[in-house]
Amino acid sequence: MKSAITSLLLMLLAAAATGRPLSTPHGAELATPARQAYVRLTDWAKANRLELQWLKQDETLQLSNHSSKVVLAVDSREAQINGVAVWLLFPVVARNGAVCLAQLDVNLTLRPLLSPPRGQPGARIRTICLDPGHGGKDPGNRVGSNQEKQHTLLLAQELRTQLTRAGFKVTLTRSTDAFIELPTRPELAKRRSADLFVSLHFNAADTARNSVQGSEVYCLTPVGASSTNARGEGAGAGAFPGNRHNDLNLFLAYQVQKALTRTLAVEDRGVRRARFAVLRDAVMPAVLIEAGFMSHPAEGRKIFTSAYRQKMARAIVEGLLAYKRAVEPTT
Ligand SMILES: [Zn+2]
């Protein structure tokens, strides 16, 4: 009871702090803005030698220097970091005339992307575990006669060919139409000493919204933050084994999303966070790729072809190589 009252108070404080009613039924999401430490963007920009300018007064602003450009919007979690869409953990807020960013986003979103982690333990990449989503009795999304489980496996097989050619050792969580429990997938990656875990999926919107298209790449939500969307969210917001690699997870997701959106010229739905089961228990840097919408008339048709599959695989390889180049120790 006491915690319920505390939550309610935090909710009210949160609503007061943002000046907006909070409608989400998610306890953790309601409580966070009030508890969340925020930093003033002007101070942070100055300390990091970034120039701050409004692109649209009081709405959109840009932080930039010779090598980086970050675009943020007030009351929004949508950011652009060097041209790639990235969902922040908390919205940018304006308080007493000062624009503020959550300390967690400074530490866990901007810093790892603007100064990528190099030479951390676990940053050597030799073996990659590919995880074709769904399988067996779980078909995943279905559009007409097309099942997600078929196309994730076809993409994984193409990706295995291309990654092997690029010099990686590749292992698959499934190479047939088999059902594999979610916790087993990162467990297989661990048993096979994989250095990266890459789960492959395709999206589908309900038929009323078949205009939705584009790629999105997920990494595990850090402790204390809420996921980009609650779909597939597990219970609780505690620490999981996967949180050990928060920085690398995000940087990997960023590089893959960058390569996908550039190579395929698809809509950039952004780097997102979720507590998907396969990401929670991965002991190596891990991402989940939603490579496109099977439900979109044009994008869907492409996803079902081998020519486009090769192109998707090329983009993912390019993203993994960019990640490898940036994070592996130089010596
Ligand atoms: Zn899926």
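His-134 sits in the loop between strand 9 and strand 10, where helices (H or I, at least four residues) and strands (E, at least two) are DSSP runs numbered from the N terminus. This is a predicted model, in which local features need pLDDT of at least 70 and side-chain atom pairs count only at pLDDT 80 or more, while totals for chains, interfaces and linings use all residues. Residues are numbered from 1 along each chain as its sequence is written, and side-chain values use heavy atoms, with hydrogens and water left out.

His-134 has a positive phi of about 65°, although it is not a glycine. With a relative accessibility of 19%, His-134 counts as buried; the cut-offs are under 20% relative accessible area for buried, over 50% for exposed and partly exposed in between, using a 1.4 Å probe and protein chains only. Another residue with a positive phi that isn't a glycine is Asn-96, at near 45°. Asn-96 is found in the loop between strand 7 (93-95) and strand 8 (98-102), and at 85% relative accessibility it counts as exposed.

Now for the metal. The zinc ion has His-134 (NE2), Glu-148 (OE) and His-201 (ND1) as its protein donors, lying 2.1 Å from it. Donors here are N, O and S atoms within 2.8 Å of the metal (3.2 Å for Na, K and Ca), and water is not among the atoms, so sites may look incomplete. Along the chain, the zinc donors follow the spacing H-x13-E-x52-H. His-134 belongs to the loop between strand 9 (127-132) and strand 10 (142-143) and Glu-148 to helix 5 (residues 148-165), so this pair ties together parts that are 14 residues apart in sequence. Glu-148 also counts as buried, with 1% relative accessibility.

The protein chain as a whole holds 10 helices and 16 strands. Of its 331 residues, 53% count as buried. Contact means heavy atoms within 4.5 Å, and among contacts between residues at least 6 apart in sequence, 70% join residues at least 24 apart.

What about the nonpolar cores? A nonpolar core is a set of buried Ala, Val, Leu, Ile, Met, Phe, Trp, Tyr and Cys residues joined through side-chain atoms within 4.5 Å. The largest one has 63 residues, and those with the most contacts inside it are Leu-63, Leu-72, Ile-128, Leu-163, Ile-289 and Leu-320. Helix 10 (residues 306-327) gives the most to this core, namely 10 residues. Setting aside neighbours within four places in sequence, Leu-163 touches Ile-128, Leu-130, Phe-168, Val-170, Val-317 and Leu-320. There's also a second, separate core of 15 residues, with Ala-189, Ala-194, Tyr-218 and Leu-288 among them.
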